[in-house]
Amino acid sequence: MIVGSRGHTGWRALAWHALLILVCLAMLYPVLWMVASSFKPESEIFTDLRPWPPGFSPRAYIEGWFGLQHPFGRYFLNSAIVASLSVVGNVIACSLAAFAFARLDFPLKRLWFTLMLGTLMLPYHVTLVPQYVLFQHLGWVDTFLPLVVPKFDAADAFFIFLMVQFFRGIPRELDEAATIDGCGPFRLYLMVILPLSMPVLATAAIFSFIWTWDDFFGPLIYLNDAANYTVPLALRAFVDSSGRSEWGPLFAMSTLSLVPVFLVFLLGQRLIIRGIATGGLKG
Amino acid sequence: MPPDAPDASPPALARRRRRRKPWAAGYLFLAPWLFGFFLLTAGPMVGSLYLSFTGFDLLQPPRWIGLANYERMFTDDPRFTAAFWVTMRYVLFSVPLKLAFALALAMLLDRGLRGLSFYRSVLYLPSLLGGSVAIAVLWKQIFGYDGLVNSALYSLFGVDGPSWISNPDYALETLIALRVWQFGSPMVIFLAGLRQIPTELYEAAAIDGAGPWTLFRRVTLPLLTPVVFFNLVLQTIDDFKAFTPAFIISGGTGGPVDSTLFYTLYLYQEGFGYFRMGYASALAWLLFVVIGTFTAAAFLTSRYWVHYADDRR
């Protein structure tokens, strides 16, 4: 905390707090209103501006849950499978690559590292069509594989970069001690580096989860059968199929789809904020 | 690399004997990434560059047509022109507005008040949630004819608002508003930057009689330029790639009358709607070049406006 000349006390502090609370409420108002509306009777959604519900009617949730061809549980399960496999893939593959860059010596290391950094800036559109052709030839279209397998090949270079930074901060003396004790590189990675890197691994896991949970473009391209839809795709199908006066069920399912991301945020907000502040990870 | 010990004590010997191994070990650890790099990044990049000179519909093998795709883009495709300018307008409005908003709120937060981390988390939330389909759905309702904005206008002022999202004059603006609302992550980065500025600088300037505006212009902003630069590059790249909100709100069309036809949305329509994969690849490469140009311009001009702490000019 900053103290001294910029700290405020008494009435002035109170005024600043009041202003901040007002700003926070204004910013969250649309989301709060959506959550409230998901509990309101359909006819009141249009007229009721209050960001809290008059009661808790689960009508819209029941209607929404069964509003599409499959119950929404199916889509949540699909999303959960894709997101959790992506988390596992990213954490394993990126930490392996980061360990090589941070701790091992091999020819062309600098070249690979530069190329890895280069892929950070690359818009995925320039690889989109050939990747699609490749996955189509492999018969992977309309499966989760195109969404998950690239994660096991450390395709998200951002996490490699983040982990390299972190691994470099771990004292070299630990490696040397372990090497003298007869540790090979793999045991060094597994028994020394990884246990000391929980914060960065958790950060990578959290962002992997949020990004894949919210991902719309990938599933849109690769998933066709409604049974394979992830939650964002299902919501999109729901928007397209609902008439203009059926916002209740839509809001209910939208609200539910935000819950996992919100929970992850509650549990990991310190890591998320630090990941953004130091690594520029987008939220 | 550990420094080589000059003596040949047993551990050093053991280390030397293992010298060969880390060589192979390095590539073993890097194998998944290398595999992905060649098969999913480098190879496809070359592939799409090649495809951008072909006509390709996924069914027939690609047909070499030289520069025809690029020619069509620049001379004979009004939708490309529309998409290009829609995206430019989107980026040119949403990035500066979002950064200004983020900086203002970061400065509001950086006052040494209690509960900073609580406020920061709350204000970050729109940024966390805003890119999702769920929020795009919400936006579609809010700016629809009988949406939240119009019911507020009606009950507060008795005004009948238009349908914002289906009016080509306002549709893009609603998307810009959605993007500016996601000011959270640049705000967090600004806040971290603000807290690096030594308090003594403010004190010294205040003793010299600087008012709040002078403090901001002469102390805060110059010292913050590296962070502004970082945010600017990151957000610009991101906004060029925007897709989901336009897709959801316009139902995949980019309408009304192509007023929300984001570049990526047009690319998707060409590639995966009409299966003009060669044309889509050419569009992708142009996007790459445009993003690269913006980034390069930011880096090249940075020496004129970004001040680093150890700068002695």
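The radius of gyration I use here is taken over C-alpha atoms, and the globule rule is 2.2 Å times the number of residues to the power 0.38. Keep that in mind for chain B. This is a predicted model.

Let's start with overall shape. A compact globule of 313 residues would have a radius of gyration near 20 Å. Chain B has 26 Å. Along the principal axes, the C-alpha atoms of chain B fill a box of roughly 85 × 70 × 35 Å. Of its 313 residues, 40% count as buried. As for secondary structure, chain B has 14 helices and two strands. Now take the contacts in chain B with a separation of 6 or more. Residues 24 or more positions apart account for 69% of them.

Next, the domains. Chain B is divided into domain 1, residues 10-64, and domain 2, residues 77-305. Their centres, taken over C-alpha atoms, are separated by 35 Å. The contact takes 10 residues from domain 1 of chain B and eight residues from domain 2 of chain B. Which elements supply at least two residues each on the domain 1 side? They are α2 (20-51) and β1 (54-55) of chain B. α2(B) gives the most, with three residues. By class, the domain 1 side has five nonpolar, four polar and one charged residues.

Now to the two chains together. 84 residues of chain B are in contact with 77 residues of chain A. Which helix brings the largest share of the chain B side? It is α2(B), with 20 residues.

Helix α13 of chain A, residues 231-241, packs with helix α6 of chain B, residues 133-142. Their axes are 9 Å apart, at an angle of about 20°. Angles under 35 degrees count as roughly parallel, so α13(A) is roughly parallel to α6(B). From α13(A) come A:P232, A:L235, A:R236 and A:V239. They meet B:V133, B:A134, B:V137 and B:K140 in α6(B). That contact divides into six nonpolar, no polar and two charged residues.

Stay with chain B and move to its own α13, residues 263-273. Eight of the 11 residues of this helix are buried, so it is largely enclosed by the rest of the structure. The buried ones are B:Y263, B:T264, B:L265, B:Y266, B:L267, B:Y268, B:E270 and B:G271. What do they pack against? Within chain B, they pack against α4 (78-109), α12 (244-249) and α14 (277-305). From chain A, they pack against α6 (125-137).

Some background first. Most residues other than glycine have a negative phi, and most peptide bonds are trans. Just after α13(B), B:F275 takes a positive phi of about 55°. The peptide bond from B:G255 to B:P256 is cis, with omega near 0°.

Chain A has positive phi values too. Phi of A:D142 is near 70°. That residue is found in the loop between α6 and α7 (145-152) of chain A. A:A154 has a phi near 55°. Its place is in the loop between α7 and α8 (157-168) of chain A. With 28 C-beta neighbours inside 10 Å, A:A154 counts as buried.

A:P150 is buried, with 24 other C-beta atoms within 10 Å. What is A:P150 in contact with, leaving aside its neighbours within four places in sequence? A:A155, B:G36 and B:L40. The C-alpha atoms of A:P150 and A:L271 are separated by 25 Å. Along the chain, those two are 121 residues apart.

To recap. Chain B has a radius of gyration of 26 Å. α2(B) brings 20 residues to the side that touches chain A. And α13(B) is largely enclosed by the rest of the structure.

Notes. Residues are numbered from 1 along each chain as its sequence is written. Chains are lettered from A and ligands numbered from 1 in the order in which they are written. This is a predicted model: local features need pLDDT of at least 70, side-chain atom pairs count only at pLDDT 80 or more; totals for chains, interfaces and linings use all residues. Axes are lines fitted to C-alpha atoms, for helices over the stretch in contact, and angles run from 0 to 180 degrees between N-to-C directions. Helices (H or I, at least four residues) and strands (E, at least two) are DSSP runs, numbered from the N terminus. Angles under 35 degrees count as roughly parallel, over 145 as roughly antiparallel, 65 to 115 as roughly perpendicular and the rest as oblique. Two residues are in contact if their C-beta atoms, placed from the backbone, lie within 7 Å. Ala, Val, Leu, Ile, Met, Phe, Trp, Tyr, Cys and Pro count as nonpolar, Asp, Glu, Lys and Arg as charged, and the others, Gly among them, as polar. Domain bounds come from an automatic or database domain assignment. A residue is buried if 20 or more other C-beta atoms lie within 10 Å of its own, exposed if 12 or fewer, and partly exposed in between; C-beta atoms are placed from the backbone.
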